[in-house]
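Here is a short report on a single protein chain. The model is a predicted one.

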Amino acid sequence: MDLKELLIRAIKSGCLCSIFYHGFMLITGAAITLKQVVTFTVVFILLYFLWLVLVSFGKGRKR
């Protein structure tokens, strides 16, 4: 996979995870702000993208 595909995959996963996580938080009655949602989503996307890049292009990977 190239970087564009990895970024798209990270964005899709980050948005889906954020919807489930914050939906659960709303169901349990926790107060959430838009700033928390955006921060969680952006950090999740960046960390997941970094992990995907490291796994895809790591030194030990045979092609």
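Helix α1 (residues 3–27) and helix α2 (residues 34–56) approach each other, their axes coming within 8 Å. The axes cross at roughly 140°. The crossing is right-handed.

Both helices supply a list of contact residues, given below.

| Helix | Residues in the contact |
|---|---|
| α1 | L3, L6, L7, R9, A10, I11, S13, G14, C17, S18, Y21 and H22 |
| α2 | Q36, V37, F40, T41, F44, I45, Y48, F49, L52, V53 and S56 |

By class, the residues of this contact comprise 15 nonpolar, seven polar and one charged.

G14 lies in helix α1. Its relative accessibility is 0%, so G14 counts as buried; the cut-off is under 20%. Leaving aside residues up to four places away in sequence, G14 touches T41, F44 and I45. L47 sits 33 residues from G14 along the chain, and the C-alpha atoms of the two are separated by 9.6 Å.

Now the chain overall. The protein chain has two helices and zero strands. Its radius of gyration is 15 Å, well over the 11 Å that the globule rule gives for 63 residues, so the chain is more spread out than a compact globule. Along the principal axes, the C-alpha atoms fill a box of roughly 50 × 15 × 15 Å. Buried residues account for 16% of the 63 residues. Among contacts with a separation of 6 or more, 61% join residues 24 or more positions apart.

Methods: Residues are numbered from 1 along each chain as its sequence is written. This is a predicted model: local features need pLDDT of at least 70, side-chain atom pairs count only at pLDDT 80 or more; totals for chains, interfaces and linings use all residues. Side-chain values use heavy atoms; hydrogens and water are left out. Axes are lines fitted to C-alpha atoms, for helices over the stretch in contact, and angles run from 0 to 180 degrees between N-to-C directions. Helices (H or I, at least four residues) and strands (E, at least two) are DSSP runs, numbered from the N terminus. A crossing is left-handed if the near helix is turned anticlockwise from the far one by less than a right angle, and right-handed if clockwise. Contact means heavy atoms within 4.5 Å. Ala, Val, Leu, Ile, Met, Phe, Trp, Tyr, Cys and Pro count as nonpolar, Asp, Glu, Lys and Arg as charged, and the others, Gly among them, as polar. Buried means under 20% relative accessible area, exposed over 50%, partly exposed in between (1.4 Å probe, protein chains only). The radius of gyration is taken over C-alpha atoms; the globule rule is 2.2 Å times the number of residues to the power 0.38.
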